[in-house]
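Dear colleague,

Please find the structure for your course below.

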Amino acid sequence: MDTMIKTPVADSAPRIARERPLKIKARNVDVYYGEKHAINDLSIDIPDSAVSAFIGPSGCGKSTFLRSINRMNDTIPSCRVTGNIEIDGRDIYDRGLDVVQLRARIGMVFQKPNPFPKSIYENVAYGPRIHGFAKNKTDLEEIVVTSLKKAGLFEEVKDRLDHSGTSLSGGQQQRLCIARAIAVNPEVILMDEPCSALDPIATARIEELIDELRQNFCIVIVTHSMQQAARVSQLTAFFHLGNLVEVGDTDDIFTAPKDKRTQDYITGRFG
Amino acid sequence: MSDHIVKAYDEDLANLKTMLAQMGGLAEDHLAKAIEALAKRDTKLADYVIGQDEKIDALELQLEERAILTIAKRQPMARDLREIMVAIRIASDLERIGDLAKNIAKRSHAISEALPRKLATGLTRMGRLSLEQLKDVLDAYTTTDDAKALEVWRNDGELDALYNSIFRELLTYMMEDPRMIGPCTHLLFGAKNFERIGDHATNIAENIHYLVSGRPMREERPKKDTTSTTAFDSLNER
């Protein structure tokens, strides 16, 4: 019988990880905040051109791991990261690596929209300008327009690009932040609960946007909404108490998870 | 499995199970009575079964409503989601079993006088076997016993084999005496109904397996019903 044959490890990996090229590879990652052991021996493969969702209860380490991917934890003095994280085969904790360049390749969108207190145009133009992505003004303008279009915001703001970014509604601000993130043409976009401050309509817009963006980007999203993870992602990772409990195709995780802890969490049974 | 943080959610799921148990009980009862009506030529009992069927239909509607409401309110995931989906599917199988039992009861009217008793014996044997399958699969559901469900699933072949032999037997009678064609046709439909009840029992077994394991049944279904070709063979032999 087929089931009796021991399948090689590669075949037991999630389908999406086998179908898409590998983008982020983490091996035996531990993260400490001083004495606190926030992430315990984590290994995961994150595919390109797909959305990967991290779910789990508060304090489970999902945001901590997300912030390790663009080395944002470097800014916390007591934080220590060990193990290995590679993007396209390159160790991102390599001493010779320029962190500023790394963060230009990895965009980030936060829980609360945080536009710069500048005009809508400037919010998007800032990144490409300081990284020298635009040769001239027309070039820059094109990048701003394309980014706003990709973020699904252009039609709503095209007549008031000189207005302040903070004058927009919450959902529009969040899409502005996404436009700002994609303006520097990153390879990876990290999103830390990007919809938790938004109403259902604005949330739906962002989810639609995430679905479009995944064609060209490797997207990693941390979310407290299980339904959102089920809707937008292809790969889901469940974290609990600093451990990566289960990784699998999203379709499998939400219909037939393997681990009891995953089952208990997604069905609302966690005590 | 541990309880939900929201207690009302547990109650919602428990309610579905209770309603399904009620439906199962009724289907079992109606089938048993339909078989008895057939065996004993009891037209009163047959009428009782016919009159009771709408109870099952009403329960199915009620269960469906509750299930949809639960999906809308709780957005179930994983096993909870399977639990609800499976309840809806099993309810529809039970409703069909109720219909088939009712149909058998109706036919027992037509069969009651016209036929020598011994002809109906094979049919009641088939009925009892289908009733056993239904009982076993309902037990398997109540105890969420995957192994028992699998057993029911495998046993369906026996019912199919019995159907084949009854089919051939009835065909012979009809060929011998054209006056038997009418009543034998009723018997044939009755036999087909029992065979269909067996199929619904295997459906339920498949759903139990899905509920427990999260995966659909893999193997090919134990189909041994060959009657779709039998008629031609027999006619050609003449």
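Chain B has seven helices and zero strands, where helices (H or I, at least four residues) and strands (E, at least two) are DSSP runs numbered from the N terminus. Along the sequence, its pattern reads α-α-α-α-α-α-α.

This is a predicted model, in which local features need pLDDT of at least 70, side-chain atom pairs count only at pLDDT 80 or more, and totals for chains, interfaces and linings use all residues. Residues are numbered from 1 along each chain as its sequence is written, chains are lettered from A and ligands numbered from 1 in the order in which they are written, and side-chain values use heavy atoms, with hydrogens and water left out.

The C-alpha atoms of chain B fill a box of roughly 70 × 40 × 25 Å along the principal axes. Of its 238 residues, 49% are buried, that is, under 20% relative accessible area (1.4 Å probe, protein chains only). Contacts (heavy atoms within 4.5 Å) also describe chain B: among those between residues at least 6 apart in sequence, 84% join residues at least 24 apart.

Chain A contains 12 helices and 10 strands. Its radius of gyration, taken over C-alpha atoms, is 19 Å, close to the 18 Å that the globule rule gives for 271 residues, so chain A is as compact as a globular protein of that length. The rule is 2.2 Å times the number of residues to the power 0.38. The C-alpha trace of chain A spans about 65 × 45 × 40 Å along its principal axes, and 52% of its 271 residues count as buried.

Yours sincerely

Methods
Buried < 20%, exposed > 50% of the residue type's maximum accessible area, 1.4 Å probe, protein only.
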